[in-house]
Amino acid sequence: MALLEVRNLVKHFPLPQSRDVVHAVNDVSFSIEEGETLALVGESGSGKTTVGRCILRLLNVTSGEIEFLGRPISSIPTAEFRPYRAEMQTVFQEPFEALNPRWRAGDTIQEPLRYQGKLDDKARRRRVYELLDMVRLSSEDFDRFPHQLSGGQQQRVGIARAIATNPKLVVLDEPTSALDISVRAEIINLLADLQRETNVAYLFISHDLTAVRRIASRVAIMYLGKIVETSTTEDIFNKQIHPYGKALLSSVLYPDPDQERSTFQLYGEIPSPIHLPSGCYLAPRCPLAQERNTLSQPPLEQVDPQRAVACFRWQEIVAAGGVEKLIGTGDVIEEAPVS
Amino acid sequence: MNGKPLLEVQGLVTEFATFDGVRRPVDGVDFVIQEGETVGLVGETGAGKTVLARSLIKHIKPPGQIVAGTVLYGGRDILQEDDRGIRAIRGKEIAWVGSNPRGALNPVQRVGDQLADVVQSHSSVKRSDAIARALGLMRMVGIPDPLRRMRAYPHELSGGMAQRVVIAMALANEPRLLMADEPTFGLDVTIQIQILDLIKDLVKRTSAAALLVTRDLAVVAHYCDTVFVMQKGKIVEKAPVREFFSGAQHPHSLALLKAAFAARGEEVA
Amino acid sequence: MAQPAVLADIEGPTPKGGLSRELAYFWYFTRQDRLFLVGLVIVGLSIFLAAFGPYIGPYGPQEIDSASGVALTGPSGDHWFGTDNVGFDVFSRVIAAPRIDLVIALASTALALAIGVPLGAFAGHFGGRPGIPSLLSEALLRVLDVLQAFPIFILALALVSATGASQGNVIAALTFLQAPVFVRLTRGAALSNESKLYVDAARCSGAPERAVAFRHVLPNSLAPALIASSVAVGQAILITAGLSFVGAGVPIPKAEWGLMISQGANQMILGKWWPSLFPGLFLGITVMGYALVGEGLRKFLDPTNRI
């Protein structure tokens, strides 16, 4: 049984004073096993953060089902969901914003323990010192306020809070994006170490592909609220079948002047999730798109035991040996308006 | 690069008086930027990169103060110029692109008008000509449907589009030096590439020099000719980009490289 | 990064916290911001006068100097600010007046805070969500709209004339006038704090709604109202004086600035300017002092100014 099972998740936000709807998440399914890391990657507007917030019950789903520990959690009342909080924690992107500015680090870290109600005052303090040690902060940091800590230290406090109750799953929402590069590496290493020690599973939401490569066992690439390609991390970084996966991975720069840059690029920018393109969402930007791709949506099809891709032309791409080999075989489709 | 110095900086010191005493984010910096050269200024948060870049155009407000040094541009010391002299240099000779494009644009004015204003601010052309030039600039920075976008307000543009407009403004008067401070901060990876490619392409086309302030060595590797590594207010290493990545000398450079490779998921010796 | 790039560049080593550091920063800030210092001095003096003003003047506030015993003498060595139409010493009355004006202003502002802040926090916490509390908070806001649409002075006038002129009624009227401001400020702060990441983080930690409201949102929503309360004290002094001026405030012959200005106004046309001018000057300076302190506090508490 999977630890977390997300089935056909849909989340729409109605816009106030208008009949328009933001289609943030459009039919997403995936599962996470105990102790593994699934990375949800994509650019802003891909809906990856919304997926995380739905799982955490910070948002109610529009439709679809989320199962955690074998029980449905998306349809139960908030009060009934609260006991699950100890098993499912989160770390946010902006470490400073995620800490109450008036609380000392130690108080923030023990907050989940307090609501869990298993430990008394003394035991809680002991646990906090243990956690400070685990995230490599000093015991003096117990009494510091957020503004007295560096960005990296703030994020360590956030991580200590997340693992305080020994959760089975931690949703990591871009935990490194706001940090300096050297600090990023430290935080990623810390997360990997903690996973080894506690067998916690991560849902790693990020657009920082270098971090994804370091920590994730599987990757799901999202575009406009849909998963377009998913496989093991190795596979995804070696080869991308979906044109969007190709474009996304090609845009990763490495600190190497001799890195070969793919010439494959998409047109324009991600369209608004209010007015979604008809047919394949990528069609207006895709150099491979043909007339038929604008008529219906490609299903997520299993390419091999690991990999699934949502593209009508995946067989052609596999046969040709890569997306870039097929450049120029698309019909030139009028570019979608960007804003 | 033709080896002619464009900007020569000597002994630059900038201080800030703060509650905890006087700080020196720029603490004795010397360097030369050659004509047509793209320099990457790297360092971690707090190294003093932004204050250094701002000091070069005398854009330091109290409690900050430039206390020593010279910034020679075309035989003149920028730091000795009065407000009028500085205004003539900023935007015309040296242009600035920041990390927050929406903040750099006037939210209640259409972007086409703002661009035309910039064109007119440094040359006496008729409004209609300025608008025609603005349209050309929008096209040059790759904004699709530029005629319609001229009438857009900044909030109607995506972050990437807004940054393109800011770049168009910066390049409107064909500056000799473009300073870009984390120009892709907060933009998505695919958009980051587009913006950096655009800057590289335009700089090359106008044979201007560029100073790219960044925390990301990967950006330096792909878009710069020369690297300046900054640490605690000082430039600790200057090297051509290839030499830097194959044999950096300074311990801080090595630490930055190691972190960059670690982030990629590789170990370096 | 949450902070501007330049700030990041000039950041020093992580400082240790503590009250002594806060006080040190307060002192540093006060020396930097001269206007704040001026405001602090004025506020300090006004509080001193409220406590001791009636006792330190050369004459009692309602005492006729039997030696000279003349009404409407100009400023002199005996009577620095002259005497008024009754023969009271203007200087003694001017420095005794804070006893009434300031007590009214402080009491009404404190009451308004005590009423406005909890209501604002309630409206902010429940606003924009389905359910009865949300409807209640909407209704509250509409009532405030109506209240605030009235010209503030006319409303106070109506209130006081309906209930009679007395110190207590002026306090009640002012409380009624000031509370909506604090409701709105606190509601705004609470609304913005509700959408902060640390509130989400608290929910994810398993915090029940009660804990979210009282332990996270409310303590972080107090600052705007507290800052505004300094300006509000100045406003309250001004309105108190205004009410007394038109005869709807403190009754004659108490030493109160507005009343003194009003009493003296009749003599203005006769060229006897001193009974009105001096209380007017003190009134203006005091109101300004409280406004300066409010502005200074705002800057002091703003972390982005803190480099």
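# Notebook: chains A, B and C

I began with chain C of this predicted model. Among its contacts between residues at least 6 apart in sequence, 70% join residues at least 24 apart. I then looked up the secondary structure of chain C and found 13 helices and zero strands. Read from the N terminus on, the elements of chain C run α-α-α-α-α-α-α-α-α-α-α-α-α. Chain C has 307 residues, and buried residues make up 45% of them.

**Entry: a helix pair in chain C**

I picked helix α5 (residues 98–126) and helix α6 (residues 132–149) of chain C. Their axes come within 8 Å and cross at roughly 130°. An angle over 145 degrees would count as roughly antiparallel, and 65 to 115 as roughly perpendicular. I noted the hand of the crossing of α5(C) and α6(C) as left-handed.

Which residues of α5(C) and α6(C) make the contact? From α5(C) I listed C:L119, C:F122, C:A123 and C:F126. From α6(C) I listed C:P133, C:S134, C:S137, C:L140 and C:L141. I sorted the residues of this contact by class: seven are nonpolar, two are polar and none is charged.

**Entry: a helix pair in chain A**

Next I took helix α3 (residues 105–116) and helix α4 (residues 121–134) of chain A. The two axes come within 10 Å, and they cross at roughly 120°. α3(A) and α4(A) are therefore oblique to each other. The crossing of α3(A) and α4(A) is right-handed.

I looked up who meets whom. On the α3(A) side are A:G106, A:I109, A:Q110, A:L113 and A:R114. On the α4(A) side are A:R124, A:R127, A:V128 and A:L131. By class, this contact has four nonpolar, two polar and three charged residues.

**Entry: helix α1 of chain A**

Is helix α1 (residues 48–55) of chain A enclosed or open? Eight of its eight residues are buried, so the helix is largely enclosed by the rest of the structure. I wrote down the buried residues of α1(A): A:K48, A:T49, A:T50, A:V51, A:G52, A:R53, A:C54 and A:I55. After α1(A) comes A:R57, and its phi is positive, near 60°.

**Entry: the sheet of chain B**

I moved to chain B and traced an open sheet of six strands. Its order is β6-β7-β8-β3-β9-β10, with mixed pairing. Which strands of chain B are the edge strands? They are β6 (94–97) and β10 (234–240), and each pairs on one side only. From one strand to the next, the twist averages 15°.

I followed strand β9 (residues 226–231) of chain B to both of the partners below. Strand β3 (residues 38–42) of chain B runs parallel to β9(B), and four bridges join the two. B:V42 has B:V229 as its bridge partner in β9(B), and B:G40 stands opposite B:V227. β10(B) runs antiparallel to β9(B), with six bridges between them. Here B:T226 stands opposite B:P240. The hairpin of β9(B) and β10(B) has two residues between the strands, and in it B:K232 takes a positive phi near 45°.

I also checked how covered β9(B) is. Six of its six residues are buried. B:T226, B:F228 and B:M230 point one way, while B:V227, B:V229 and B:Q231 point the other way.

**Entry: helices on the sheet of chain B**

Helix α1 (residues 49–56) of chain B lies across β3, β7 (177–181), β8 (209–214) and β9 of chain B. Its direction is at about 150° to β8(B). I found α7(B) packed on the sheet as well, touching β6 and β7 of chain B. The direction of α7(B) makes about 170° with that of β6(B).

**Entry: where chain B touches chain A**

Last, I looked up the contact of chains A and B. It takes 33 residues from chain B and 27 residues from chain A. Five helices of chain B each supply at least two residues to its side: α7 (159–171), α8 (189–205), α9 (217–223), α10 (241–247) and α11 (251–264). Which of these gives the most? It is α11(B), with nine residues. The side of chain B that touches chain A has 20 nonpolar, six polar and seven charged residues.

Note on methods. Residues numbered from 1 in each chain as written. Chains lettered and ligands numbered in written order. Predicted model: local features only at pLDDT ≥ 70, side-chain atom pairs only at ≥ 80, totals over all residues. Contact = placed C-beta atoms within 7 Å. Nonpolar A, V, L, I, M, F, W, Y, C, P; charged D, E, K, R; others polar. Buried ≥ 20, exposed ≤ 12 C-beta atoms within 10 Å, placed from the backbone. Pairing = 2+ DSSP bridges. Axes fitted to C-alpha atoms, helices over the stretch in contact; angles between N-to-C directions. Left-handed = near helix turned anticlockwise from the far one by under 90°. Parallel < 35°, antiparallel > 145°, perpendicular 65-115°, else oblique.
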